[in-house]
Amino acid sequence: MAIELGKIGIWRHYAQVDASFAAEAEKLGYSAIWLGGSPGGDLAYVDDLLAATDSLVVATGIVNIWQDEPADIAKAYERITGKYPDRFLLGVGAGHREATKEYKKPYAALVDYLDGLDAAGVPVSGRALAALGPKVVKLSADRTAGAHPYLVTPEHTRDAREILGAGKLLAPEHKVVVETDTEKARAIGRKTVKFYLGLSNYTANLRKLGFTDEDLAGEGSDRLVDALVLHGDAETVARGLSAHLEAGADHVNVQVLNEDPWPAYRALASELL
């Protein structure tokens, strides 16, 4: 790939990322920012982030295929990459059945969307696919630069690498709370994790990873929260993130859940970058 993501990036809702945030992230040594929350439209805010930085890569994590036509997204892609070559990665995905009334046969819809991106000139090397199950992971290997799994563990990363094979991007997301008080850290993590326990694509994947109905009940067991939200001091959290790299990830995008994320970002940068 011409796009150099580096080893460690930041995942954050696109509404919480502005030019000053991007500049500070780059200053700390983070090599990429993944914009969550289904960013779409003309992606004009991507231009602003790239203009404020020198080498930072911006990726969408992810553009929802039900919200924007591939031809429209392709126009935004062409504009961004024309001004900032090798600094934008288009992540696309099917979102969630529960949140999207149009959600039908997501695998076929993903294939159709990728066909549309092909027709509009978006190169395979410039796009990635949100992927959890093996069928979509394989599709990401066949039709894009690689996979961007969300809400996963290093065990999933290991399995995904086997499916992807060598030479394909694997960029999982992982949530963290830099906090040594276990109960406080779990409470912060559980606020976020509980949302995903109502989404069938995530719960199905978590069951495949060995979590039980008991783990997924209510707001999630301690075992589940601890696996999905790394917590402790910066050294402990960094070690957990590195487990993804050891399992075959090329790049890990870190979602800090602390109310003020910057102390955590700075502490993790000292350990990882």
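**Entry 1: helix α12**

I began with helix α12, residues 262-272, and listed its buried residues: Trp 262, Ala 264, Tyr 265, Leu 268 and Ala 269. Looking down the axis of α12, I saw these buried residues fall within an arc of 155 degrees, so they line one face of the helix. A reminder to myself: this is a predicted model.

Next I asked what covers the buried residues of α12. The cover includes the strands β1 (8-13), β9 (173-178) and β11 (252-256), along with the helices α1 (19-28) and α11 (234-246).

**Entry 2: α1 against α12**

I then followed α1 to see how its axis runs relative to that of α12. The two axes come within 10 Å and cross at roughly 25 degrees. That angle is under 35 degrees, so α1 counts as roughly parallel to α12.

Which residues make the contact? From α1 I noted Phe 21, Glu 24, Ala 25 and Leu 28, and from α12 Trp 262, Tyr 265, Arg 266 and Ala 269. Sorted by class, the contact of α1 with α12 has six nonpolar residues, two charged ones and no polar ones. Trp 262, Tyr 265 and Ala 269 were already on my list of buried residues of α12.

**Entry 3: α2 against α3**

I looked up another helix pair, α2 (residues 44-51) and α3 (residues 70-83). Their axes are 10 Å apart, and the helices pack at an angle of about 10 degrees. That makes α2 roughly parallel to α3. On the α2 side I found Ala 44, Val 46, Asp 47 and Leu 50, facing Arg 79, Ile 80 and Lys 83 of α3. By class, the contact of α2 with α3 has four nonpolar, three charged and no polar residues.

**Entry 4: Ser 140**

A polar atom of the Ser 140 side chain lies 2.5 Å from the backbone oxygen of Val 137. Beyond four places in sequence, Ser 140 touches Leu 129, Ala 145, Gly 146, Ala 147 and Leu 164.

**Entry 5: Arg 161**

My last stop was Arg 161, in helix α6 (residues 154-164). With a relative accessible area of 16%, Arg 161 is buried too, because the cut-off is under 20%. The Arg 161 side chain reaches the backbone oxygen of Gly 165 at 2.7 Å. Leaving aside neighbours within four places in sequence, I noted contacts of Arg 161 with residues including Ala 166, Leu 170, Ala 247 and Asp 250.

Note on methods
Residues are numbered from 1 along each chain as its sequence is written. This is a predicted model: local features need pLDDT of at least 70, side-chain atom pairs count only at pLDDT 80 or more; totals for chains, interfaces and linings use all residues. Side-chain values use heavy atoms; hydrogens and water are left out. A polar contact is a pair of N or O atoms within 3.5 Å; within protein, one must be able to donate a hydrogen and the other to accept it, and residues adjacent in sequence count only if both atoms are side-chain atoms. Contact means heavy atoms within 4.5 Å. Axes are lines fitted to C-alpha atoms, for helices over the stretch in contact, and angles run from 0 to 180 degrees between N-to-C directions. Helices (H or I, at least four residues) and strands (E, at least two) are DSSP runs, numbered from the N terminus. Angles under 35 degrees count as roughly parallel, over 145 as roughly antiparallel, 65 to 115 as roughly perpendicular and the rest as oblique. Ala, Val, Leu, Ile, Met, Phe, Trp, Tyr, Cys and Pro count as nonpolar, Asp, Glu, Lys and Arg as charged, and the others, Gly among them, as polar. Buried means under 20% relative accessible area, exposed over 50%, partly exposed in between (1.4 Å probe, protein chains only). The arc is that of the directions from the helix axis to the C-beta atoms.
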